[in-house]
Amino acid sequence: MSSKLCRLSPESKSTHLIIRAGLFLLLYALWLGLMPQVALAERTPADLEDPEIQAKVKRLYTQARFEILDEEYDKALETINRCLLLSPHSRDAICLKGAILEETGHRSDAIVLYKNLLAKDPKAYGYLHFELGYLYINNADEHDNAEDYEKALAQFKIAEKLDPKRAIREQAQLLMRIERYDQARALLKRLPQDDPNVTYLEAQSLFYEKKYKEARKLIAEALAKNPDKHLARDLKGLFAQVKAAEEAARPWRLWLTLIAGYNDNVFRDPLTDNPALQQPREEGDFFWMARAVYLHRLAEGKKWALFATAGFLNMSYFTLNESDFSDLNGSIYWRYRGKNWMLRIPFQYAYFFSGSSHKSTLQQFTLFPSFTWQMADNFATTFYGTLQRKTYFTDSSNITRWALLVTHYYYFGAIERYLRFSWGLNQDIADDGAAGFNSYRLTLGGGWPIMKKLVFDLGLSYVYYDHNTRNESSLINPDGTVGVPWDRIDHQFQLAFQLFYRPTPRFQLVLGYFLTNNDSNVSASDGFDPYNFRQNILQLMALWSL
């Protein structure tokens, strides 16, 4: 071809230069705006092995994790996006971005992210089938949506092509969670049966299905297969859970309690907590108490159970025998468990008689429901209700009582470390119109472990009593007659200090000190108040659970 034919005319040269300049400017603009993502996404493996790029990726990833710890999720998302611009295929960065999206309430965006990447390159992003499965499980747990469990199973099934052992384990564990135990064990049969990890999962499935004897047998087999120290620890932990579950599954329980102590101000009527009726004698004595309670589970469903109890109590003083008493009692109660709460509705009958004369004293009918709500991992509230009828066999007035007590617990990690605040109100309605009262209670307390197996509990209470107007028999009128009408009010302070020592799960020792200080507004002309009293009790309790 002639070189002349290749030459351009001056006009053509100008046009060509203009076109080239325009194309250059256009490409430059694209490079400034959109091209960095394309260029970085198309980095070669050699580019990604550049030490400077690797160092920057690692730094950004670490920075994002610290921002998550500081709960600066927006910053963390921005940082991890920068990390992904440098290393688009970074498994850790992609998973961390999904975790950030889930933590900030954008789980659906995390699902879309993973699904889009899988659609783009199923082979390169195959590991995301696992992450996607976990997101579906979390979604199912949060919204109680069984369909998402099936989606998670489908993702783990696909992941068998990538990592068969892990995928089968994940499927089996999810099947256990949704109580499809036979399917879980059938899947586990596809894994090597000489692997103690597989035997551990099979034992776990039997444990969840409440086949405790078979579960213990498989745990023993797994331990005989020389597992590593971590798996051996998990197997021993599972064995302890199985034993505890077997114990809990037993339909009966028996509790025995023995208490010995000293009371420096023994009340003449030990069966009332009404300060106007307690009649302190300002005289002390040693005492002992024995109590037995038998419980039997009559029926049980998935979330509910029906129980019956029978009990006996005897309280005796060494010398002040007129304050001795005993009771026989029985109850039936229904229990229902929810996800984060539990309801109990017991009804009890108790028959009391004098320990010294053996004469019948009173009978008591009580309905005392309770509701416990685990409001957060470290915060719980329990509501205690009481509806009670006391019928006396003596000349004392019969009484109807209703009460409400609400207790809030805040836990500092372990259950033995807590603060406790409670408030309550109570009303006694007496048939004679004079022996009743209203009371209001506030309590602040807490517990903390002192050393292994030794925990202390301290509580301080204030109780306000507003009594019915009554003739105060301890006061004398100017004309010499006994009994002055009085609107009585009591302010009572109570201190309780207890040390709990539990050397074994079935036995506990409790050393307790209890102080009560009562201040009444009853006052004679000489200033004497017979109802101002103080009581100190020191006792040691031993409790056996059989």
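## Cores and contacts in a predicted model

Reader: Which of the 62 residues in the largest nonpolar core touch the most other members?
Author: A nonpolar core is a set of buried Ala, Val, Leu, Ile, Met, Phe, Trp, Tyr and Cys residues joined through side-chain atoms within 4.5 Å. This is a predicted model: local features need pLDDT of at least 70, side-chain atom pairs count only at pLDDT 80 or more, and totals for chains, interfaces and linings use all residues. Residues are numbered from 1 along each chain as its sequence is written, and side-chain values use heavy atoms, leaving out hydrogens and water. In the core of 62 residues, the most other members are touched by Ile-80, Ile-94 and Leu-128.

Reader: Which helix gives the most to this core?
Author: The chain has 16 helices and 17 strands (DSSP runs numbered from the N terminus: helices are H or I, at least four residues, and strands E, at least two). With seven residues, the top contributor to this core spans residues 128-143 and is helix H9.

Reader: Is Leu-128 buried or exposed?
Author: Leu-128 belongs to helix H9. Its relative accessibility is 0%, and the cut-offs are under 20% for buried, over 50% for exposed and partly exposed in between (1.4 Å probe, protein chains only). Because of that 0%, Leu-128 counts as buried.

Reader: How far apart in space are Leu-128 and Tyr-114?
Author: Leaving aside neighbours within four places in sequence, Leu-128 is in contact (heavy atoms within 4.5 Å) with Ile-94, Cys-95, Tyr-114, Leu-117 and Leu-118. By the same rule, Ile-94 touches residues including Tyr-114, Leu-117 and Leu-128. Along the sequence, Leu-128 and Tyr-114 are 14 residues apart, but from C-alpha to C-alpha the separation is 6.2 Å.

Reader: How many residues are in the second, separate core?
Author: Across the chain of 546 residues, 39% count as buried. The second core includes Ile-259, Leu-271, Met-315 and Tyr-392. Its number of residues is 17.

Reader: Which side chain does the side chain of Asp-428 join in a polar contact?
Author: Asp-428 sits in strand S10 (residues 414-430) and counts as buried because its relative accessibility is 6%. At 2.6 Å, the side-chain partner of Asp-428 is Arg-401.

Methods. Polar contact = N/O pair within 3.5 Å; in protein donor to acceptor, adjacent residues only side chain to side chain.
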